[in-house]
Amino acid sequence: MPQSVHDRAAEYHNLAAHAHTAAAASHGTGNLTAHELSRQAHEHSTRAFEESKRAAEAHGESAAQFASK
């Protein structure tokens, strides 16, 4: 069964939150992985926003209306 746009958006929000938490825990340890985790968190956040926009549009809300919230 395909995932709904809402499920995909929620999944990316959760992935971003996890990557942010992991990056914060790694910060200051000297590991290069903290930078990679931060980059990954940003990527997931961006994907989550795009999926949220798609979900809003699927329910008849324009992208401009969604972005103004």
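Here is a short chat about reading salt bridges in this predicted model.

Q: How many salt bridges does a search of the whole structure find?
A: The idea is to look for a side-chain nitrogen of Lys or Arg within 4 Å of a carboxyl oxygen of Asp or Glu. Here, searching the whole structure turns up five salt bridges.

Q: Which side chain does R8 meet in a salt bridge?
A: That would be E51, with 3.1 Å from N to O. R8 sits in helix α1 (residues 5-26) and E51 in helix α2 (residues 33-58), so this pair ties together parts that lie 43 residues apart in sequence.

Q: What else does E51 pair with?
A: R54 forms a salt bridge with E51, and their closest N and O atoms are 2.7 Å apart. These two are three residues apart in helix α2, which means about one helical turn separates them. R54 is partly exposed, at 41% relative accessible area. Salt bridges with shared partners join R8, E51 and R54 into one network.

Q: Where in the structure are E43 and R39, whose side chains also meet?
A: Both belong to helix α2, four residues apart, so they are separated by about one helical turn. E43 is partly exposed at 39% relative accessibility, and R39 is partly exposed at 38%.

Terms used:
Residues are numbered from 1 along each chain as its sequence is written. This is a predicted model: local features need pLDDT of at least 70, side-chain atom pairs count only at pLDDT 80 or more; totals for chains, interfaces and linings use all residues. Side-chain values use heavy atoms; hydrogens and water are left out. Buried means under 20% relative accessible area, exposed over 50%, partly exposed in between (1.4 Å probe, protein chains only).
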